[in-house]
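Please view the sequence and the structure together while reading.

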Amino acid sequence: MNTQVLPVNEESIALAAKLLQQGELVALPTETVYGIAADARNGEAVKKIFEAKGRPQDNPLIVHICGMEMLHGIVSEVPERAKKLAAAFWPGPLTMVMPRGPEVSEVTCAGLDTVGVRMPSHPVVQAVIKASGVAFAAPSANLSGKPSPTNAQDTFVYMDGRLPLILDGGESAVGVESTVVAVTGEHPMILRPGYVTKEQMEAVLGEEVLVNHAILEKLKDGEVARSPGMKYKHYAPKADVTILKGSFDAYRDYIAAHAGDGVWALCFDGEEAQLPVPAISYGKEGDGISEAHNLFTVLRELDRKGAKTVYARCPLSDGVSMAVYNRLIRAAAFRVVEV
């Protein structure tokens with residue numbers, strides 16, 4: 001298959017809309033990362049996403065819409081919490097898990113009785129949904145388990161020959177996937193952290209928002225993934241990543257004791273020159289927004305540099321930093337060392 005990468009204009013948006021209507025795949029930018037879209041109601045089209053990514057079919061996909069009226073048929077009810085959160089954060093990087101409606105393909109939901117829905121703020125996604133009339137399922141446009149792409153060039157590296165069209169809308173602003181929150185049940189619960197934080201949602205809802213245990217630790221044996229991003233190893237470069245928890249001095253000393261061929265340090269701004277191995281920063285210490293924006297780009301850069309072993313400085317685990325820690329601990333397959 002010949003994969004075209006086209007700049008965003010009226011013609012390329014019309015082509016993307018036509019491909020989606022015909023049951024084909026399109027990769028396109030969102031404010032979080034680049035995604036692969038297929039008609040969420042068309043099970044055969046959605047299966048092509050799993051094939052293109054090499055993604056296990058027990059991993060549900062998120063449905064993207066451009067207006068509240070599109071929820072009809074996609075969800076069976078819109079809980080009061082969902083209305084409050086939508087008023088505060090939609091369009092934006094928040095996915096809400098609600099009871100599944102009759103029009104969504106079972107393939108999209110991995111057989112679950114719930115569906116994750118979000119209304120992205122990126123103008124390209126909104127334009128494609130409006131032009132096609134299609135609410136589409138779209139995971140990140142990476143090969144399963146690899147770091148998500150945040151621009152069209154990295155999407156092409158993953159998807160060349162796997163789908164017909166990539167729309168080039170520049171760099172994604174956020175850099176990590178959306179927050180996923182389940183809004184049914186006794187308490188709302190975060191299933192995947194992102195740019196919209198626990199604290200922000202609690203301020204809107206006036207109630208506690210729980211954090212699923214699988215955000216910061218492994219799913220238990222036999223436990224079902226209720227959201228994308230809950231699997232064991234994910235977002236991972238080719239190198240073996242280990243997170244080092246502790247002071248900068250302890251981090252530096254540990255790396256000095258483990259230096260060797262192919263060893264790299266993943267650190268914070270300004271620390272690179274102080275380390276005994278090649279080092280690359282993924283953002284400012286304590287600044288989850290800058291770390292989220294850079295993390296996947298830097299993980300792919302480590303692949304390009306030929307890194308074999310990577311020792312990563314540990315981010316915080318609250319606010320937006322929770323999203324960074326969640327992605328990094330999965331990239332490291334849960335290898336964390338206290339130093």
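**Sheet, helices and aromatic pairs**

L6 stands opposite L167, a residue of strand β8. The model is predicted, so local features need pLDDT of at least 70 and side-chain atom pairs count only at pLDDT 80 or more, while totals for chains, interfaces and linings use all residues. Residues are numbered from 1 along each chain as its sequence is written, and side-chain values use heavy atoms, with hydrogens and water left out.

**The sheet**

- Strand β1 pairs with β8 (residues 165-168) in the parallel sense over four bridges; strands are DSSP runs of E with at least two residues, helices are runs of H or I with at least four, and both are numbered from the N terminus.
- Two strands count as paired if DSSP finds at least two bridges between them.
- The open sheet has 11 strands with mixed pairing, in the order β1-β8-β2-β3-β7-β4-β6-β5-β9-β10-β11.
- Because β1 (4-7) and β11 (210-211) at the edges each have a single partner strand, one side of each is left without a neighbour in the sheet.

**Helices on the sheet**

- Helix α1 (residues 10-21) packs on the sheet and touches β1, β2 (26-29), β3 (34-39), β7 (136-137) and β8; contact means heavy atoms within 4.5 Å.
- The direction of α1 makes about 145° with that of β8; axes are lines fitted to C-alpha atoms, for helices over the stretch in contact, and angles run from 0 to 180 degrees between N-to-C directions.
- Helix α3 (residues 80-89) lies across β5 (94-99) and β9 (179-182), at about 160° to β5.

**Aromatic pairs**

- A search of the whole structure finds four aromatic pairs, meaning rings of Phe, Tyr and Trp (its six-membered ring) with centres within 6.5 Å; planes under 30 degrees apart count as stacked, over 60 as edge-to-face and the rest as tilted.
- One of these is the tilted pair of F248 and Y251, at 6.3 Å centre to centre with 40° between the planes.
- F248 and Y251 are three residues apart in helix α7 (residues 248-257), so about one helical turn separates them.
- F248 is buried at a relative accessible area of 14%, and Y251 is buried at 0%; buried means under 20%, exposed over 50% and partly exposed in between (1.4 Å probe, protein chains only).
- F268 and Y282 also form a tilted pair, at 5.3 Å centre to centre and 45° between the planes.
- Both F268 and Y282 are buried.
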